[in-house]
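Thanks, everyone, for making the time this morning.

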Amino acid sequence: MVYSFRLKDLGKWGWVLGFVFVMCGAFRLARYNLGARTGPHDGFEGLPIPAAASLLVTYTLFSFEMWGELKYVRLLIAMTLVTSGLMVSTIPFEDKPKSWRSRKDKLKFLYLFVGAIAVLVDMSMTAFPLILGYIAYGLVLEIIDTISSGGSFDHPIRLPRRKRHVEHTEPWQ
């Protein structure tokens with residue numbers, strides 16, 4: 001959708017940009033399938049593909065609602081490149097809430113409920129800021145975690161901040 005609205009106007013660079021996004025999504029999917037866990041997990045490693053695609057699509061809707069056309073092509077290009085990089089990153093992003101027990105899950109339910117109501121009222125104006133907020137929240141948590149752990153931003157590949165449950169079984173079992 002984004003390609004047909006604006007990226008095709010960029011010629012071969014628009015095609016390359018769209019290809020990079022699709023290849024990063026394919027890489028993320030392959031990494032997920034190779035590292036699939038059967039036990040419980042705590043969030044996503046890298047930005048989920050639906051969140052990345054939704055950000056670009058909802059920006060298109062938001063832009064048409066605000067200005068009547070797809071404006072700020074450089075912002076769209078930057079968002080495409082950033083979301084592509086975030087999909088293949090190891091930055092952890094939040095998962096859906098699992099229960100009503102923890103305060104964190106209650107806040108997730110509240111965010112989802114308020115977001116659903118906002119989208120029902122005016123999807124073209126609210127979906128983009130909500131998805132942008134989800135992505136910004138994951139990035140802010142990663143920055144805070146990196147700073148508080150005394151880490152640096154020098155190394156491009158880091159282990160996720162959350163400890164994940166991984167079942168270790170012998171190959172013959």
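D95 is where I would like to begin, and in this predicted model D95 has a relative accessible area of 11%, which means that it counts as buried, since that term covers anything under 20%. The residue is found in the loop between β2 and α5, and its side chain meets that of K98 in a salt bridge, at 3.4 Å from N to O. The contact between these two side chains also counts as a polar contact, again at 3.4 Å.

Staying with that loop, what does E94 pair with? The side chains of K104 and E94 meet in a salt bridge, with 3.2 Å between N and O. K104 lies in helix α5 whereas E94 lies in the loop between β2 and α5, so this pair ties together parts that are 10 residues apart in sequence. E94 is buried, with a relative accessible area of 8%, while K104, at 38%, is partly exposed. There is a network here as well, because salt bridges that share partners join E94, K104, D105 and K108.

The structure holds five salt bridges, and one of them is formed by the side chains of R31 and E45, at 4.0 Å from N to O.

Let me turn to the aromatic side chains, where the count comes to seven pairs. One of these is F62 with W67, an edge-to-face pair whose centres are 6.2 Å apart and whose planes stand at 85°. F62 is buried, at 15% relative accessible area, whereas W67, at 32%, is partly exposed. A second pair is F93 with Y134, where the centres lie 6.0 Å apart and the planes make an angle of 40°, so the pair is classed as tilted. This pair, too, links distant parts of the chain, since F93 sits in strand β2, residues 92–93, and Y134 in helix α5, residues 103–148, 41 residues apart. F93 is buried, with a relative accessible area of 0%. As for clustering, Y59, F62, W67, Y72 and F128 form one aromatic cluster.

Finally, the overall picture: the chain has five helices and two strands, in the order α-α-β-α-α-β-α along the sequence. Of its 173 residues, 29% count as buried, and the accessible surface comes to about 11,400 Å², with 69% of it belonging to carbon and sulfur atoms. Among contacts with a separation of 6 or more, 68% are between residues 24 or more positions apart.

Technical notes: Residues are numbered from 1 along each chain as its sequence is written. This is a predicted model: local features need pLDDT of at least 70, side-chain atom pairs count only at pLDDT 80 or more; totals for chains, interfaces and linings use all residues. Side-chain values use heavy atoms; hydrogens and water are left out. Rings of Phe, Tyr and Trp (its six-membered ring) pair if their centres lie within 6.5 Å; planes under 30 degrees apart count as stacked, over 60 as edge-to-face and the rest as tilted. Buried means under 20% relative accessible area, exposed over 50%, partly exposed in between (1.4 Å probe, protein chains only). Helices (H or I, at least four residues) and strands (E, at least two) are DSSP runs, numbered from the N terminus. Contact means heavy atoms within 4.5 Å. Accessible areas come from the Shrake-Rupley method with a 1.4 Å probe; for residues, only the protein chains shown count as cover. A polar contact is a pair of N or O atoms within 3.5 Å; within protein, one must be able to donate a hydrogen and the other to accept it, and residues adjacent in sequence count only if both atoms are side-chain atoms.
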